[in-house]
Amino acid sequence: MMTHPLGNPPSKVIAVHLNYPSRARERGRVPSQPSYFLKPPSSLSGTKEAIVRPEGCELLGFEGEIALVIGSRARHVTPEDGWSYVRWVTAANDAGLYDLRYADRGSNLRSKGGDGFTPIGPRLLDARELDPAALRLRTWVNGEVVQDDTTDTLLFPFGQLVADLSRLMTLETGDVILTGTPMGASVVEPGDLVEVEVTGGELSTGRLRNPISAGPALEPFGAMPESDPAERRAAYGTDFPLLDPALEAGLKSVAVATLSSQMRGRGLPHMSIDDVRPVGEAGLVGVAHTLRYLPLREDMFKRYGTGMNAQKRAIEELRPGHVLVMDARRDPTAGTLGDILALRALKRGAAGVVTDGAVRDSRAIAELGLPVYAAGAHPSVLGRRHVPWDSGVPIGCGGALVQPGDLIVGDADGVVVVPPDLAEELVADSREQERQERFIAEQVAAGTGVDGLYPLGPVWRDAYENWCKGESQ
């Protein structure tokens with residue numbers, strides 16, 4: 001029999017779908033109100049107990065979460081009073097089989113309700129000693145941090161969750177609320193080890209440790225495991241490719257100057273990130289993840305600039321293929337990135353970094369092999385000009401508007417922002433433009449004047465088409 005730190009089973013386990021902004025951005029939607037699903041109390045287990053993946057399933061997902069344990073009966077409470085009904089806080093793993101989501105679409109009954117699919121613990125923290133807006137959640141897989149977020153930016157604070165649920169149902173003593181998972185949840189396999197920890201100041205739950213093991217196949221008298229590309233994308237989350245490899249190769253094959261010209265011809269003349277130059281080798285292609293700095297205010301810096309601030313969170317939110325784009329207010333007199341965070345971005349799989357502020361440790365950054373573009377170098381640490389404020393929001397960088405999900409392309413000439421919906425046609429037209437320019441360059445090298453030739457005019461059209469035939473042979 002599985003054990004957990006609550007002792008007696010609760011009457012219900014309630015899980016929130018989306019609550020962390022980083023997870024909402026990952027899922028591509030931000031809910032206006034919280035939504036929930038139920039997990040059976042029989043899914044509860046404790047630390048060191050295995051989470052079993054049945055044979056034939058491939059998409060066993062983990063989700064590190066903060067679990068609230070209700071301390072007294074709650075009915076018709078207000079958001080202001082909601083936290084007072086929470087007695088304990090602990091770590092949880094909202095595990096589930098994406099292979100079975102289709103079978104109970106919406107309820108998650110079998111995909112999330114299996115025995116042992118809700119480990120919690122190992123220690124319960126007294127909620128009266130905690131600030132609900134100052135908790136930190138971390139998840140490790142095989143010793144590597146894969147989730148790291150804080151509760152100061154939750155979409156729905158814990159008190160609101162308690163109040164919302166109590167409008168229609170009675171929360172009984174011992175009931176558990178799983179409060180959502182941040183960015184970084186993904187898929188694990190037999191042999192992996194998942195660990196989750198919640199901290200609040202000096203208090204810690206300790207690490208909830210659950211190995212993943214293989215189990216027998218499901219009996220064939222019910223829904224059987226199925227998966228498709230959409231479910232794999234949902235399950236893998238941060239590990240799923242952000243950018244189609246063919247499109248990435250296409251963007252790498254054309255010059256930034258050509259892309260800029262093509263966008264200008266489409267009425268988009270302000271797509272360059274101005275006044276940034278490569279730190280080390282030039283060249284990057286990736287998907288924008290944004291970080292915004294605001295002007296320094298000393299009384300706000302302790303809250304927003306220290307600890308696991310927005311700068312560090314943005315680094316930990318990076319997925320393979322992301323380009324971290326920083327809005328540093330075009331101020332090159334303060335560092336926005338140093339060698340340690342640049343190394344962490346590299347280890348997270350980032351395709352590069354672009355900042356319209358300065359970097360420090362520029363020589364070390366240049367030697368990392370991570371493409372970085374900056375407005376300059378400066379020795380200052382964080383806190384001279386800026387406060388890191390938030391990530392994953394539209395920003396201005398070097399005079400260009402950058403939205404999360406935009407494509408970022410850089411070479412020796414600089415960096416441009418490419419709208420994703422235009423990318424394929426821009427690559428095709430850029431390749432054609434560059435082919436024309438190769439033809440024109442040959443004619444100019446042979447002594448031909450540029451009148452009627454550059455740009456390619458009708459007089460030269462037949463000659464160009466014949467030249468293309470020869471180039472393709």
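**View 1. Thr118 and the side chain of Ser43.** The side chains of Thr118 and Ser43 make a polar contact at 2.7 Å. A polar contact is a pair of N or O atoms within 3.5 Å; within protein, one must be able to donate a hydrogen and the other to accept it, and residues adjacent in sequence count only if both atoms are side-chain atoms. The model is predicted: local features need pLDDT of at least 70, side-chain atom pairs count only at pLDDT 80 or more, and totals for chains, interfaces and linings use all residues. Residues are numbered from 1 along each chain as its sequence is written, and side-chain values use heavy atoms, with hydrogens and water left out. Thr118 is found in strand 9 (residues 118-126). Helices (H or I, at least four residues) and strands (E, at least two) are DSSP runs, numbered from the N terminus. With a relative accessible area of 0%, Thr118 is buried. Buried means under 20% relative accessible area, exposed means over 50%, and partly exposed lies in between (1.4 Å probe, protein chains only). Not counting residues up to four places away in sequence, Thr118 touches Lys39, Ser43, Leu44, Ser45, Asn93 and Leu178; contact means heavy atoms within 4.5 Å. Thr118 and Lys39 are 79 residues apart in sequence, and their C-alpha atoms are 8.2 Å apart in space.

**View 2. Surroundings of Thr205.** Thr205 is in the loop between strand 15 (203-204) and strand 16 (208-215). Its relative accessibility is 0%, so Thr205 counts as buried. Residues touching Thr205, not counting those up to four places away in sequence, are Val89, Thr90, Ala91, Gly121, Pro122, Arg123, Leu125, Glu197 and Val198.

**View 3. Asp99, a buried residue with no salt bridge.** Asp99 is in the loop between strand 8 (96-97) and helix 3 (109-112). Asp99 is buried but has no salt bridge, and the nearest side chain of opposite charge is that of Arg53, 7.1 Å away. A salt bridge is a side-chain nitrogen of Lys or Arg within 4 Å of a carboxyl oxygen of Asp or Glu. Lys and Arg count as positive and Asp and Glu as negative, while His and the chain ends are not counted. A polar atom of the Asp99 side chain lies 2.9 Å from the backbone nitrogen of Glu58. Not counting residues up to four places away in sequence, Asp99 touches Cys57, Glu58, Leu59, Leu60, Met224, Pro225 and Glu226.

**View 4. Salt bridges.** Side chains of opposite charge can pair when their charged atoms come close. The structure holds 24 salt bridges. In one of them, Arg292 and Asp390 have their closest N and O atoms 2.8 Å apart. This pair links distant parts of the chain, with Arg292 in strand 19 (residues 284-295) and Asp390 in strand 25 (residues 386-391), 98 residues apart. Arg292 is partly exposed at 26% relative accessible area, and Asp390 is buried at 19%. Arg435 forms a salt bridge with Glu432, with the closest N and O atoms 3.1 Å apart. Arg435 and Glu432 are three residues apart in helix 12, so about one helical turn separates them. Arg435 is partly exposed at 28% relative accessible area, and Glu432 is partly exposed at 25%. Asp126 and Arg128 also meet in a salt bridge, at 2.9 Å from N to O. Here Asp126 is buried at 15% relative accessibility, whereas Arg128 is exposed at 62%. A network of salt bridges links Arg23, Lys39, Glu63, Asp94 and Lys112.

**View 5. The aromatic pair Phe439 and Tyr464.** Rings of Phe, Tyr and Trp (its six-membered ring) pair if their centres lie within 6.5 Å; planes under 30 degrees apart count as stacked, over 60 as edge-to-face and the rest as tilted. By this rule there are six aromatic pairs. Phe439 and Tyr464 form an edge-to-face pair, 5.5 Å centre to centre with 65° between the planes. Phe439 lies in helix 12 (residues 423-445) and Tyr464 in helix 13 (residues 461-472), so the pair ties together parts that are 25 residues apart in sequence. Both Phe439 and Tyr464 are buried. One aromatic cluster is formed by Phe439, Trp460, Tyr464 and Trp467.

**View 6. Helix 4 and its cover.** Eight of the nine residues of helix 4 (residues 158-166) are buried. Among them are Phe158, Leu161, Val162 and Asp164. The cover over the buried residues includes strand 1 (13-16), strand 6 (64-70) and helix 2 (79-82).
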